[in-house]
Each structure stands twice: as C-alpha cells, then as structure tokens.
Amino acid sequence: MEKQTASFQGTPRQEQELLAAIQELRGDKGCLMPIMQRAQEIYGYLPKEVQKIIADQLEIPMEKVYGVATFYSQFNLYPKGKYQISVCLGTACYVKGSGEIYNKLMELLGIKGGECTPDGKFSLDACRCVGACGLAPVMMINEEVYGRLTVEELPGILEKYK
C-alpha cells in the first residue's frame, strides 16, 4: 500500500531551478547525488515526478535514481508536514510509554509513521534518541520538545498547531 501524503505540488519555477542544476552539474563525475541533493533542497523531498525529471535529463533508468534515493537516509521520498512530529522510541522513552504515544498519534492524525497528512500540516516519524532521557517519554514538533508525555495530553498539544 502506498504511503498517504499530500499530493505533489511542484511549480514551474521549481522545475526551472532543477533543470538549471542538472545542466550545471551533469558534466561532473558522480553528478547524480549532488543533483538529487539540490532537487531535495528545491522541493523539500524527492517525489517520483522529480526523480523522473532527473532520470530523463541524465538519460539513466528511473530505477537508478530511485535506488540512490532509497539507499541514503538523507533523501525523503515523501513530503514532510509543516509541523514535523518526531517521537523518541529510544530505550528510556520506550520503557516509559513512547510506543503508546506513537500509536495514539497515528490514530489521531490518521497516518502511519513516515507519512504526511493529506493537508500537508503534520508528518510523523520515530527517532532513536533526542538526548532528553530525563524527560521520557519525549516527542518534538519541529524544534519544540514535549516531555513526560501522556496519551491524554496529545489532543490538546495537536490542537495548538491546528
């Protein structure tokens, strides 16, 4: 099943920027990674539409672009929400209930981990440690840290961002 995400909303200006970057870098040995990095800077992620432009322009198989995009963790295939929620599932947080926090957020947002709500407002990811073990369980929304969380607090926290 394909991940739930906001639909691709590329602009003509973004495409022009991408084509210019490809033109600038295409002669360099090993240009694929730098082009993909530039594409992600332009779009915020690497949707299949952008991967296709890169593959077509470089005259390489789409599978090669996709292979690089999925091998390296620096690349995102799906958009991130305006509010990026990251729940720590490291040991200290997990034993204090972060798994329940993560599951409740999936339920409240109607998405799975790694997905973005269709309106583009929230994305949800798990992480291994945010370095705030004394506040376990912890989640972050963008740069704001929420510690000593309970499942009951989640609807109120999300409401602040709606």
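The model is predicted, so local features need pLDDT of at least 70 and side-chain atom pairs count only at pLDDT 80 or more, while totals for chains, interfaces and linings use all residues. Residues are numbered from 1 along each chain as its sequence is written, and side-chain values use heavy atoms, with hydrogens and water left out.

Select residues 98-109 to begin, which form helix α6 (helices are DSSP runs of H or I with at least four residues, strands runs of E with at least two, both numbered from the N terminus).

Within α6, now pick Ser98, Gly99, Ile101, Tyr102, Leu105 and Leu109, which are buried (under 20% relative accessible area; exposed is over 50% and partly exposed in between, with a 1.4 Å probe and protein chains only). The face of α6 turned away from that buried side carries the exposed Glu100 and Glu107.

Go next to Ala136 and Pro137, joined by a cis peptide bond with omega of about -10°; Pro137 sits in the loop between β2 (122-127) and β3 (139-141).

Asn142, in the loop between β3 and β4 (144-146), has a positive phi of about 55° although it is not a glycine.

Finish at Arg148, in the loop between β4 and α7 (154-159), where phi is also positive, about 50°; Arg148 is exposed, at 55% relative accessible area.

Notes
Expected span 1.5 Å × (residues − 1).
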